[in-house]
Amino acid sequence: MRFRINKKTGAAAAVNLLSLAGFLTLALIGFREGAAQGYNYAAQRWSGEDSGEYAQISCFFSESAGFTEDSADEIRYGIISALQDISIVQEDGCRLCPDAYSAEVGQLTVKGSKTGGSESEITAVGGDFFTIHNFRLLDGAFFTDDDIMQDGAVIDENLAWALFGSCEVSGMDITINGTQFYVSGVVEAPQTEAETECAGELPRAYISYEGASGFASGETDTESESATAAFKTVTCYEVLMPDPVEDFAYDTVSQLMEEYGEGVSVILNSGRFEPLKRLGALKGISSAVVRSDSISYPYWENASRIVEFRLSYIYLSAAFCLIIPAGTVIWLIARGMRKIHKKRKSRFKTKGLIL
């Protein structure tokens, strides 16, 4: 038996298939672009299968906010106290709320033991910075706050190649603005389009706060003095904490940050790339992209904001692709209901139930 499809039906089917294909393509593009910003998925990496019970929160400060390492200790104590109030306590030997803090030191000259130097972006980091950030380690290891000597430096692959012509350089000596460090590890340079756009062209190095303090006793040129002033404060604080009730973690951290007023921006990283959130954010997209505060955001947050902006319009376009299939389904349902109604009327007439 041969089935014939008229031109109108065939055209309608083709349009619906193309619309569905467009929706799936855009949804896949959006998912992949969001997933590529792995920094925002630290809660999932930390808690594994229980990722829904943890939230990742980032706080960014203006230099005038006065947030320091001591301030980070106070916030950490406040978070633990809030969790204890709802009977969530830290077990022995386990980290309940890993957190990190960091600040941009500035552009300084890094020199290798065998070659010339390279201007680089230097970031001072503390706490669980390398736990929260998903840097891909190419060689060596990350330094920690527990290291006896705080003279380790994690450099990116671009700096490793510039100084040594190789990525396998862990243990090699370098100097940053005249202060000696050793290469603890080498990490992959920013990879995504958004990250490379925001990170800039200079290579990067990450050192401890104690290591950054060594600049104060190093060279005393103008560059060194300005760098010393910059890394004394914390401009980024990040924490992973249990979130037993929706928005509990975000509300807790926001309340603890109230004393810093307009000098702090609190961001909920968890779920920030979800389609419904991105569509819901369209009404305030201009205020989200154009910032009027005095906060200088690190490259990883600026990259995340770019992706948020892109995803809002990608998912909006995907939603538009569903209009025709959704309309077709509604039309088919309505047509089916009309046929059922006609059959019932015909059956009633046959039985003489309708005069």
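These questions and answers set values from a predicted model against their definitions.

In this predicted model, local features need pLDDT of at least 70, side-chain atom pairs count only at pLDDT 80 or more, and totals for chains, interfaces and linings use all residues. Residues are numbered from 1 along each chain as its sequence is written, and side-chain values use heavy atoms, with hydrogens and water left out.

Q: Why is aspartate 145 called partly exposed?
A: Its relative accessibility is 41%. Buried means under 20% relative accessible area, exposed over 50%, and partly exposed in between (1.4 Å probe, protein chains only). Therefore aspartate 145 counts as partly exposed. It is found in the loop between strand E4 (137-140) and strand E5 (152-156); strands (E, at least two residues) and helices (H or I, at least four) are DSSP runs, numbered from the N terminus.

Q: Why is leucine 322 called partly exposed?
A: Its relative accessible area is 30%, so leucine 322 is partly exposed. Leucine 322 lies in the loop between helix H12 (299-321) and helix H13 (323-350).

Q: Why is glutamate 301 called buried?
A: Its relative accessible area is 0%, so glutamate 301 is buried. Glutamate 301 sits in helix H12.

Q: Which residues of H1 are buried?
A: Among them are Asn16, Ser19 and Glu33.
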